[in-house]
Amino acid sequence: MSVGTVTVATAGAPVQVEDLRREDLHVSVSDPAAASMNFLNEVAGRFPDAVSLAAGRPYDGFYKAQDVDKYLQIYRDHLAASGLSAVAVDRTLLQYGRTNGVIGDLIARMLAVDEAIDVPGQAVMVTAGCQEAMAIALRGLCAGPDDVALAVEPCYVGFTGAARILGVDVVPVPEAPDGLDPEAVLRVARSVRESGRRPRALYVVPNFANPSGVSMPVPARRRLLAAAREAGLVILEDDPYGLFGLDDQPRPTLKALDTDRTVIYLGSFAKSVFPGARVGFLVADQVVVDAAGRRTLLADELSTVKSMLTVNTSPIAQAVVGGMLIEAEYSLRAANRHKVEFYRRNLRTLMAALERQFGDDPRISWNAPEGGFFAVLHVPFEADEDLLEVSARDYGVLWTPMSYFYGGSGGEYALRLSCSALGPAQIEEGVRRLGKLVRDRSS
């Protein structure tokens, strides 16, 4: 941004106002990950006919506006049945509400039914999307300039972006083929302490991670909990894709295995209810003791942070989610069976299409996720933004450079492919177009 002046008319003499200098703004304004995602969106906008294997959003066909009215009415009836007057029901939905939310007890029941996570409703904070939950947890845990967060790498850019806005340094822990290696966590935490800083939190997506699609085996999850306790880390477990495994094999969350309150569980209703509701939550049942010996839950302590960010999460949006939970008898797994089957079919379609296009080329490889929305394709050339532009313009297909998900170098020869927002025929066509690009570039 160049520095100049603007003339502002006032009642007296004109006032010369200098332009703001971009380098004087916070580093998050020019966040490279956010800039990369903006570039991806801009390319998608310029080439609307390109098949997008980049978009990680849920499938549009699952959402109808009239369902909002239905779930809202179910929740209103629930409040009335609990003894609230009509005036109190309206106040609950339309006024400022409790900072930590009004459906924490319903979420706690859902966690008990679906995930065998046993926590009181008071330990649940309802947030404006899971992104806010990440920011609140980071702000609460990282108190000083020497406090840092560890995170699996490649990492979801929303977490690293939230940390950058807060001024919290993120130290990467390289992801192994089967997820986060507990021994690597210990090594990185030890290195951080030796540098004079304090490792406070560890961000991980154990189920079908974004961007890699990798899922941690259960024994590794248990070892990770032990490693976190040894290193003095609080685990931030993000679980947006846990419903969407390729099979019904139980994959216990870290929180379900957590016997020492080592884990803050981060959840979202974006994939399971409505993305547009923007309702997420965190579970923070850790006990906090003050200097006078008073004991509270971490979720209650973090409410002050939330009150300064968004005051409270929209009670109307919470009511929509609450109505869905009530109708589903508190089981997201039961309510989402048709979505689960759709996303399973999509992921299998993607895997089969990759095999058809690249199975005979030893230079090309890809992983085989056990569920979720994403897979990674490894290619023998640099998959950068310049190539993405060519791909969209000349081949009609979009994808995401894996380099977007690394803080430094990494991912230059890989593409993230998403199969969530498309139908099976579109996935196959997208991979066919991608195959032509890859063969042309490889030769």
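Why does C419 count as buried? C419 counts as buried because its relative accessibility is 1%, where buried means under 20% relative accessible area, exposed over 50% and partly exposed in between, with a 1.4 Å probe and protein chains only. The model is predicted: local features need pLDDT of at least 70, side-chain atom pairs count only at pLDDT 80 or more, and totals for chains, interfaces and linings use all residues. Residues are numbered from 1 along each chain as its sequence is written, and side-chain values use heavy atoms, without hydrogens and water.

| Residue | Relative accessibility | Class |
|---|---|---|
| C142 | 1% | buried |
| C419 | 1% | buried |

The structure has zero disulfides, a disulfide being a pair of cysteine sulfur atoms within 2.5 Å. The sulfur of C142 lies 13 Å from the closest cysteine sulfur, that of C155, which is too far for a bond.

An open sheet holds four strands in the order β14-β15-β18-β17, with antiparallel pairing. β14 (365–366) and β17 (400–401) are at the edges with a single partner strand each, so one side of each has no neighbour in the sheet. Two bridges link β14 to the antiparallel strand β15 (residues 374–378), and W366 stands opposite L377 in β15. Strands (E, at least two residues) and helices (H or I, at least four) are DSSP runs numbered from the N terminus; two strands pair if DSSP finds at least two bridges between them.
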